[in-house]
Amino acid sequence: TVLSILAGLAIPAVTSVQNERVAREPVNALFLLSREVRLRAMEERQPYQIVFTGGGFKAARFFQPYGGAEEFADLQVRLAEQARTQEIIEASQARGISLENTVPDPQREKVAAGLRFFSEYELPEGVDLKLRTWNESDWVDLSTGVFRRWIFQPSGMVEPIQVQVESEGAFFEIEFHPLTGDVTRERSWGE
């Protein structure tokens, strides 16, 4: 009977730790992605973005200030087409076919280089994401189909943002600094 009591106490503790680990994973992924995107924006002197949806978040160069979630679907199609074109070019060059007749366009190459960057993180099953930007007083639940954009300027400045991740009663909340893009405040709790 003592053994069953101890097992009954240990099982909820193990489950709670597992839920915390699942909720922590998107927080870590977002932190690493935000650092990479900010660095790219400063190095290339081009704005970048992370877009949040109910299914996760995606990062790419910032193109359309008024574009919606469909912008990333279009971007994925263009990236697939660009990859197919590059495969054809490489296969042609391997066969000895010269493609030197094309005139290099530095601006076009710069745009193409930014287009190639695309990173996506899908939330694990049972994980919910909420956001609060600088102009919102309430948390926005992204599982309702709402979409939010986080812009990284070439100067290195970012919009201040707070992110809350929940996984079966385990919560993580982080706040990003507008000048550095680093995490300024982090807290976690369980229910």
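Trainee: Is R45 buried or exposed, and what is its relative accessible area?

Mentor: This is a predicted model. R45 is found in the loop between α1 (2–44) and β1 (48–53). A residue counts as exposed over 50% relative accessible area. R45 is therefore exposed, with a relative accessible area of 66%.

Trainee: What is the phi of R45?

Mentor: Most residues other than glycine have a negative phi. R45 is not a glycine, yet its phi is positive, at about 55°.

Trainee: Which strands are the edge strands of the open sheet?

Mentor: The open sheet has 5 strands with antiparallel pairing, in the order β5-β4-β7-β8-β9. An edge strand here pairs on one side only. The edge strands are β5 (140–141) and β9 (183–190).

Trainee: Which residue is the bridge partner of V165 in β8?

Mentor: Strand β7 covers residues 161–167 and strand β8 covers residues 170–176. The two run antiparallel and are joined by 7 bridges. In β8, V165 has as its bridge partner F172.

Trainee: Is E173 buried or exposed, and what is its relative accessible area?

Mentor: E173 has its place in strand β8. Beyond four places in sequence, E173 is in contact with W139, V163, Q164, R185, E186, R187 and W189. Buried means under 20% relative accessible area. E173 is therefore buried, with a relative accessible area of 5%.

Trainee: How long is the polar contact that joins the side chains of E173 and Q164?

Mentor: Q164 is among the residues in contact with E173. The side chains of E173 and Q164 are joined by a polar contact of 3.2 Å.

Trainee: Which element gives the largest share of the largest nonpolar core?

Mentor: The largest nonpolar core has 29 residues, and those with the most contacts inside it are L30, I50, F52, W150 and V163. Elements that give two or more residues to this core include β1, β2 (56–61), β4 (127–133) and β6 (148–152). The largest share, 6 residues, comes from α1.

Trainee: Which residues is F52 in contact with, leaving aside neighbours within four places in sequence?

Mentor: F52 is one of the residues with the most contacts inside the largest nonpolar core. Its contacts are L30, F57, L129, L131, L142, V146, F147, R148, W150 and I161.

Trainee: How far apart in space are D182 and F31, C-alpha to C-alpha?

Mentor: D182 lies in the loop between β8 and β9 and is partly exposed, with a relative accessible area of 31%. Not counting residues up to four places away in sequence, D182 touches F31, R35, E175, F176 and H177. D182 and F31 are 151 residues apart in sequence, and their C-alpha to C-alpha distance is 7.7 Å.

Conventions: Residues are numbered from 1 along each chain as its sequence is written. This is a predicted model: local features need pLDDT of at least 70, side-chain atom pairs count only at pLDDT 80 or more; totals for chains, interfaces and linings use all residues. Side-chain values use heavy atoms; hydrogens and water are left out. Two strands pair if DSSP finds at least two bridges between them. Helices (H or I, at least four residues) and strands (E, at least two) are DSSP runs, numbered from the N terminus. Buried means under 20% relative accessible area, exposed over 50%, partly exposed in between (1.4 Å probe, protein chains only). A nonpolar core is a set of buried Ala, Val, Leu, Ile, Met, Phe, Trp, Tyr and Cys residues joined through side-chain atoms within 4.5 Å. Contact means heavy atoms within 4.5 Å. A polar contact is a pair of N or O atoms within 3.5 Å; within protein, one must be able to donate a hydrogen and the other to accept it, and residues adjacent in sequence count only if both atoms are side-chain atoms.
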